[in-house]
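Please look at the sequence and the structure below before reading on.

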Amino acid sequence: MTDSATYRDPNVTPPLTEAIPLGFQHVLAMFASNVTPSIIVAGAAGLAFGSGEQIYLIQMAMLFAGIATLFQTIGFGPIGARLPIMQGTSFAFVGVLAGIAATQGLGVALTSCIIGGALHFALGSVIGRIRWLFPPLVTGLVILAIGLYLIPVAIKYAAGGAATFQMEAESFGSMQHWSVALTVVVVALGFKFFSKGIMSNAAILIGLIAGYLLAMALGMVNFGAVGKASWITSIQVMPYGFQFSLGAVIAVTLVSIVSAIETVGDASATTKAGANREATDEEIQGATYADGLGTAVAGIFGGLPNTSFSQNVGIVGMTGIMSRHVVTIAGLVLIVCGLLPKIGAVIASMPLPVLGGGVIVMFGMVAAAGLNVLSEAEMNRRNMVIIAISLAVGLGLNLVPSAVQYLPGVVKTLMTSAVAPTALCAIVLNLALPEEGEA
């Protein structure tokens with residue numbers, strides 16, 4: 001067995017008997033979080049649950065998470081941190097993309113991802129010089145707003161679905177739906193806190209499997225789409241066409257900036273946890289390039305934006321194994337899953353209350369992560385005012401979109417996206433208001 005000091009070198013590969021299980025552990029830790037955004041955005045776009053189009057979006061989520069991971073771990077030229085950074089479909093974009101998909105269609109949403117990804121890629125050359133715009137106060141607020149925006153979606157899914165016809169159905173909020181959703185939550189919490197290793201890291205996935213099995217026993221699962229699904233994915237270029245909307249591009253780009261800052265944090269946390277050192281400028285720059293390229297390429301083929309997954313940074317810290325080749329194995333596993341539509345069809349056959357139980361935990365953790373980042377900022381009167389106004393404006397306009405119904409389309413899209421107005425308010429107020437004692 002290789003000594004622990006050697007494991008701190010990202011270029012060293014553990015024996016395959018260790019590397020392969022460690023790679024699967026990385027996949028298990030992020031699998032549910034990776035496919036969930038595609039399911040939600042597909043639902044917002046009006047795609048039928050379990051439809052071929054929804055299955056395709058799930059396949060692209062797996063395929064391009066794997067490809068983007070290889071951009072990070074293997075890299076080429078200046079692209080890629082060449083660190084054990086796992087990429088996956090980002091929750092940060094769900095609110096914005098769900099709103100765009102619901103009002104303007106998936107064509108506009110995916111086009112915005114391509115352009116936003118290209119601009120995200122360009123950030124790689126300047127990311128070090130604009131980090132000062134995004135202190136913990138700003139990034140924490142944005143992450144918190146994302147979580148708070150998504151939590152009602154989780155409750156709707158747990159109760160039976162977020163579409164109007166689902167909420168108007170007699171079964172909405174039934175004990176059958178809630179028994180399945182709560183089973184997911186209870187089992188996930190049980191494995192997270194009362195087990196160790198892979199079982200603990202895959203707690204949400206295990207909870208989803210438990211809820212899925214209960215839903216099967218209750219007759220809630222339809223395997224019709226699984227039988228019809230092909231064995232090999234037929235990849236499509238621009239499946240919904242190229243449809244440009246300035247407001248949508250601006251909204252996605254704003255979230256991309258926040259995502260880039262998160263990736264910088266994940267790269268720094270990875271080197272600190274795995275090698276007890278700071279990330280180099282080249283690693284941070286390469287990580288940002290890989291983020292943007294992964295997002296743009298995914299958008300071309302129908303995938304949603306990719307970003308680094310923080311839970312996998314935790315695995316590096318827990319295992320002490322810094323090998324980027326372990327995460328390369330995980331990326332290859334995701335690519336194989338993405339090429340097999342049968343897997344996407346099985347995921348798509350999952351009843352919404354099962355998914356709802358999982359995302360109650362996941363979206364709650366997004367909000368909690370925002371609070372954790374905010375805890376790094378001093379809670380003085382100035383910062384509390386910034387928090388209050390940013391959240392009030394960002395979430396308030398999202399909850400009451402008719403309040404800005406007379407604004408031009410581009411501006412209205414931005415003002416009702418929850419994430420964009422929260423970020424804009426936080427950045428502007430943080431720059432404009434003097435620190436306490438300076439006025």
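Apart from neighbours within four places in sequence, Ala 98 is in contact with Val 41 and Ala 44. The model is a predicted one. Between Ala 98 and Gly 43 there are 8.2 Å in space, C-alpha to C-alpha, although the two are 55 residues apart in sequence. Ala 98 has a relative accessible area of 9% and counts as buried, because the cut-off for buried is under 20%.

The helix that holds Ala 98 is H4, residues 94-104. Besides Ala 98, the buried residues of H4 are Val 94, Gly 95, Val 96, Leu 97, Ile 100 and Ala 101. Just after H4 comes Gly 105, which takes a positive phi of about 100°.

## The nonpolar cores

The largest nonpolar core has 100 residues, and those that touch the most other members are Phe 31, Leu 97, Ile 100 and Phe 363. Helix H7, residues 136-159, gives the most to this core, namely 13 residues. A second core is separate and has eight residues, among them Ala 81, Ile 85, Ala 287 and Met 322.

Which residues does Phe 363 touch, not counting those up to four places away in sequence? They are Ile 40, Phe 91, Gly 147, Leu 150, Ile 151 and Ala 154.

Thr 422 is found in helix H21, which covers residues 419-432. Is Thr 422 buried or exposed? Its relative accessible area is 0%, so Thr 422 is buried. Leaving out residues up to four places away in sequence, Thr 422 touches Leu 141, Ala 145, Ser 390, Leu 391, Gly 394 and Leu 395.

Ser 256 lies in helix H13, which covers residues 246-275. Its relative accessibility is 1%, and therefore Ser 256 counts as buried. With residues up to four places away in sequence left out, Ser 256 touches Phe 93, Gly 116 and His 120.

## Helix H17

Helix H17 covers residues 341-348, and six of its eight residues are buried, so the helix is largely enclosed by the rest of the structure. The buried residues in H17 are Pro 341, Lys 342, Gly 344, Ala 345, Ile 347 and Ala 348.

## The chain as a whole

The secondary structure of the chain consists of 21 helices and two strands. Along its principal axes, the C-alpha trace spans about 65 × 65 × 45 Å. A compact globule of 439 residues would have a radius of gyration near 22 Å; the chain has 21 Å, which agrees. Of the contacts in the chain with a separation of 6 or more, 82% are between residues 24 or more positions apart.

How much of the chain counts as buried? The share is 56% of the 439 residues. The chain exposes about 17,500 Å², and carbon and sulfur atoms supply 68% of that area. There are 15 positive and 18 negative charges in the chain, and their mean positions are 4 Å apart.

Conventions:
Residues are numbered from 1 along each chain as its sequence is written. This is a predicted model: local features need pLDDT of at least 70, side-chain atom pairs count only at pLDDT 80 or more; totals for chains, interfaces and linings use all residues. Side-chain values use heavy atoms; hydrogens and water are left out. A nonpolar core is a set of buried Ala, Val, Leu, Ile, Met, Phe, Trp, Tyr and Cys residues joined through side-chain atoms within 4.5 Å. Buried means under 20% relative accessible area, exposed over 50%, partly exposed in between (1.4 Å probe, protein chains only). Helices (H or I, at least four residues) and strands (E, at least two) are DSSP runs, numbered from the N terminus. Contact means heavy atoms within 4.5 Å. The radius of gyration is taken over C-alpha atoms; the globule rule is 2.2 Å times the number of residues to the power 0.38. Accessible areas come from the Shrake-Rupley method with a 1.4 Å probe; for residues, only the protein chains shown count as cover. Lys and Arg count as positive and Asp and Glu as negative; His and the chain ends are not counted. The place of a charge is taken as NZ of Lys, CZ of Arg, CG of Asp or CD of Glu.
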